[in-house]
Amino acid sequence: MAKGNNGAVGTYILIVLILGVITYVEFAIVEYPQAWLGQTWTMVLLAALSVVKFLLVVLFFMHLKGDDRMYSGFFSSGMVIALATFIAMTAMFILPRAMNYGEARERAAALEGHAGEHGEVHVPEDVAALIETDGASRPLAERADAPPPLDRSVTIEPPLAAGDEPAYEVTGAADQAAAPAEPADAPAEDEDAAAAQRPETEAPGLQAEPEAAEAEESAGQDAAAAAQPVEWDRDMGAQVYNANCVGCHQGAGQGIPGAFPPLAGHAAEVHAEGGREYLVQVLLFGLQGPIQVEGMNYNGLMPAWAHLSDDQIANVLNHVIVEFGDEPAGFVPYTAADVAGHRGDGLSSAAVLEVRDQLGLN
Amino acid sequence: MMTRLGWRSTRLPDVKLLMWVFLASDCMMFGALIGTYLAYHNRSLVPPFPVDVFDIPLTTVSSFVLLVSSFLMVLALHALRIDDIPKFRLWTFGVALFGSIFLGFQVYEFVHFVNAGLSIHHNLFGTTFFVLTGTHGIHVAVGVLWLLGFLIQSYVRPTSSKDAVYLEIAGLYWHFVDIVWIVIFTVVYLVEFV
């Protein structure tokens, strides 16, 4: 520990000069980026410089160099545990997300292939319970709570030409006044038409199924296209829900009162009240701030899920609207294009709350 | 000296051993805090984000200030070991002064961030950043008070090279605070702009 008077001070001066120069170099690297170095090597260089500074201070200013080994032993073990904690946390938070895209998808594909061969997939009990709760794993027809057959009491004729008054005919007991004039074009083909369809679902008992247009012969090819019910991937919807949403919104979309709002019923209601596009925005940009759902106040944070694909978002939206209760009348399933159209909206999660307020949902 | 420092079977001054053990545990705490900061990095939903508020030139200057204080710390210890009390007082005061300047920078930075809309409960970045740098700032403040106490004590009762081990452990603590900042400066501030 004892050093020559001038020798020790000389060493300290040398060390602090080196430390100063390194700090300046670090600053310069960041302030005047060197393109030839590349991002990865810049990171490596910064980390290396930081480690050198760290070691210089520990060895010379804290005198670990030449001091009793017991000190360095204690300190190193603390450092090792700290590093292990650090690495474990980084792994926990960063690896699962990376796996979502690559390995997890491959595994799911492999599992499906396996199911094809042997007809049965081993599902752990806790996972099975989760899936069973929302019933999404079973075909719709087999479910005890399957929605009743559609009531096709309303016939809507698709528009013939741009200038035509859209004609519709009410054959059931539905309230005519509540049915707005709107086209029943195939939503996959015409986004605007699909968006325009949303208000009519408010009418009780009013069924505006696109395939109802079949009754009219006059529309030709377009009508034939419109007659096809839009198919969506129920398996993907359930899968995305169980992988991402179930933790907060629970297996049957019931939520946790006061903490996480319910989706069952509520999502369909929001959709019916003009929130079709708002729901896409919630998924893409999140939602933050005070809301009220079924008389209960929530002030939390829905994260953004923009890292999911357009297909995944569309299908999970269809899942929460269709599978957690009766399928809303006239519901036109979301398509990937519905989601893609909003990716560029660039909203903050607080701005999405404003959209919600404008819809009068609070 | 043997009896006063209470040497044990380790043949080491136990106050110093104790300080190293404390620093080892403090490593774990800062490791967890830095890990938390990184785990939530890029997960804030609303701005301001780190690139919006960080000021690298300013932080570089405050890093220099802390490095210089570490240098003054070894000078103060060296002066006390050779019983050069005036210089010991000068350098110790210097350490406390530079530590206070560093804290001044941090207070300035925090106020600037809050004015930019970043509070501890605003977003994940705010929460993890203020908890990490705030914990470090408290460490610096404790070090400043400790060293000022040492300085005042040297006027109250005679201080000599026999007390060097106590200044040494204060110094160990001070240098540790410096190396934590070396890591934070790189991991939190610099890497953000690469």
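Two residues are in contact if their C-beta atoms, placed from the backbone, lie within 7 Å. This is a predicted model: local features need pLDDT of at least 70, side-chain atom pairs count only at pLDDT 80 or more, and totals for chains, interfaces and linings use all residues. Residues are numbered from 1 along each chain as its sequence is written, with chains lettered from A and ligands numbered from 1 in the order in which they are written.

**The two chains**

In chain A, residues 24 or more positions apart account for 66% of the contacts with a separation of 6 or more. The corresponding value for chain B is 82%. Helices (H or I, at least four residues) and strands (E, at least two) are DSSP runs, numbered from the N terminus. Chain B reads α-α-α-α-α-α-α along its sequence. A residue is buried if 20 or more other C-beta atoms lie within 10 Å of its own, exposed if 12 or fewer, and partly exposed in between; the C-beta atoms are placed from the backbone.

| Chain | Secondary structure | Buried share |
|---|---|---|
| A | twelve helices and four strands | 30% of 362 residues |
| B | seven helices and zero strands | 43% of 194 residues |

**Nonpolar cores**

A nonpolar core is a set of buried Ala, Val, Leu, Ile, Met, Phe, Trp, Tyr and Cys residues joined through C-beta atoms within 7 Å. The largest one has 71 residues. B:Ala76 and B:Val95 have the most contacts inside it. H7(B) gives the most, with 20 residues. Domain 1 (1–67) and domain 2 (68–106) of chain A each provide at least three residues; these bounds come from an automatic or database domain assignment.

Leaving aside residues up to four places away in sequence, B:Ala76 touches B:Phe88, B:Trp91, B:Thr92, B:Val95 and B:Leu167. Another core, of 31 residues, lies apart from the largest one. Among its residues are A:Phe285, A:Leu317, A:Ile321 and A:Phe331.

**The contact between A and B**

The contact takes 48 residues from chain A and 42 residues from chain B. On the side of chain A that touches chain B, H1, H2, H3 and helix H12 (349–358) each supply at least two residues. H3(A) has the largest share of that side, 15 residues. By class, the side of chain A has 30 nonpolar, 14 polar and four charged residues. Here Ala, Val, Leu, Ile, Met, Phe, Trp, Tyr, Cys and Pro count as nonpolar, Asp, Glu, Lys and Arg as charged, and the others, Gly among them, as polar.

**Helix H9 of chain A**

Helix H9 (residues 266–285) of chain A has 20 residues, but its end C-alpha atoms are only 19 Å apart. A straight helix would reach 28 Å at 1.5 Å a residue, the expected span being 1.5 Å times one less than the number of residues. H9(A) bends by about 120° at A:Gly274. The bend is the angle between axes fitted to the seven residues ending there and the seven starting there. H9(A) is largely enclosed by the rest of the structure, because 14 of its 20 residues are buried. Just after H9(A), A:Gly286 takes a positive phi of about 80°.

A:Glu269 lies in this helix. It counts as partly exposed because it has 16 C-beta neighbours inside 10 Å. A:Glu269 and A:Pro328 are 59 residues apart in sequence, and 8.6 Å apart in space, C-alpha to C-alpha.
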